[in-house]
Amino acid sequence: MDPPATYISSSELRKHNTRNDAWISIHGKIYDVSSWLHRHPGGALPLLTVAGTDATDAFLAFHPPSSAAALLPAFSTSHLLSDYAVSAASSDYRKLHSKLSELNLFERKGHTTLILLSLILTLLPLCVCGVVFSDSTFVHLLSGALIGFLWIQSGWIGHDSGHYNVMLNRRFNRVAQILSGNVLAGISIAWWKWNHNAHHIACNSLDFDPDLQHLPFFVVSSKFFNSLTSQFYDRKLNFDSLARFLVSYQHWTYYPVMCFARVNLFAQSFFLLLSNRKVESRGIELLGLLAFWVWYPLLVSFLPNWWERVLFVVVSFSVTGIQHVQFCLNHFSSKVYLGPPSGGDWFEKQTNGTLDVSCSAWMDWFHGGLQFQVEHHLFPRLPRCHLRKIAPLVKDLCKKHNLPYNCVSFWKANVLTIQTLRNAALQARDGSGPAPKNLVWEAVNTHG
């Protein structure tokens, strides 16, 4: 017989937010997930981020309802939340989530992954033939550009497969992840999931979201000048003299750095796989990366001279840099905050921290679903082929609750990102004064 239920307040729940004592509330019921942290498929950090809060909306967003709900009773306590309340925005969000589930949209994945895999399998041999069998420098560089394009497409597969099964089952999904991420692109899917889950659960939190933590190269807020402690990397983000110098010019260096941003992803992949952190199938992940570091350098070695080899690498990295820019556009210019999400404002935090990019339907292939960033953050398990369909529903919901639904052109998104970087750069040059708003003023009165 179950023990009688007792009630605790939200303030009492907030005390249970440590690794050894992690409680969460789902629909007003309290669960002790401390023993589940090291087994959680999404990693311990997302659970620790919402520990001590109501995690209902986050739970619904990230988990298939039937399979995940079946695990909850094992972690149930005898406690209920005495002051459990659902905001109007959250209530409508849950109704929309239920509606999408009833329409079976989370399970209808379309043919996007099949098309991308077919494209990769077709173009990759052409790239290899272009390098190995042609003497034309133009063909060599075109092959390099196509490699960069294929890396972008593999990135979309890796992104989607980290949120839901893009294949028939989890085993085939895992194979697709390793082949498209580790083998083809040299980026660990384990690192991607670890990073990306933390980003989604604490969207645009300066100290919890790793996608905003790019010191010493970039900052989006002057709050980084205080050398914040990253809860993701578990270390201090030092804003020293080198960081101040680099940040002071970040609005000029942004696009050049993006051309080589994947070098950081290569490094982060190895840092994770060679660390003491628990990593699923670490050996397979490392073998996948090893395969990449065999085939890509070997392909480059077939080029006739060093300057073509360098240009090939630069071109392939620069083309895929477009995707790195796209990842930044959706968040760099949006609202930021300090600390973890509070739990009861999931809908609000996601809409405040994201930016949609308007485009015609025929350009959806270019953005990989990220143009519907608000929709994706609210429903991360929803296959991207449905994001355009639900966009009007999300927009109406935001309008009803007076929440931002920011949607601009690709050009305007770039402008807003550069403006954000420039404002922080000018504050870094002179932290004592306000950031000037006029580019002419900057050219006349500041160095660089």
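**Aromatic pairs and charges over rings**

The count comes to 30 aromatic pairs, where rings of Phe, Tyr and Trp (its six-membered ring) pair if their centres lie within 6.5 Å. The model is predicted, so local features need pLDDT of at least 70, side-chain atom pairs count only at pLDDT 80 or more, and totals for chains, interfaces and linings use all residues. Residues are numbered from 1 along each chain as its sequence is written, and side-chain values use heavy atoms, without hydrogens and water.

**Exercise 1.** Classify the pair of Phe260 and Phe317 and state what it ties together.

*Solution.* Step 1: the centres are 6.4 Å apart and the planes make 55 degrees. Step 2: planes under 30 degrees apart count as stacked, over 60 as edge-to-face and the rest as tilted; this pair is tilted. Step 3: Phe260 lies in the loop between helix H11 (250–259) and helix H12 (262–273), and Phe317 in helix H14 (residues 306–329), so parts 57 residues apart in sequence are tied together. Helices here are DSSP runs (H or I, at least four residues), numbered from the N terminus.

**Exercise 2.** Determine whether Phe266 and Phe292 are buried or exposed.

*Solution.* Step 1: buried means under 20% relative accessible area, exposed over 50%, partly exposed in between (1.4 Å probe, protein chains only). Step 2: Phe266 has 6% and is buried; Phe292 has 0% and is buried.

**Exercise 3.** Identify the ring over whose face Lys349 lies.

*Solution.* Step 1: the criterion requires NZ of Lys or CZ of Arg within 6 Å of the ring centre and within 35 degrees of the ring normal. Step 2: Lys349 lies over the face of Tyr337, 4.6 Å from the ring centre.

Notes. Helix = DSSP H or I, 4+ residues; strand = E, 2+ residues; numbered from the N terminus.
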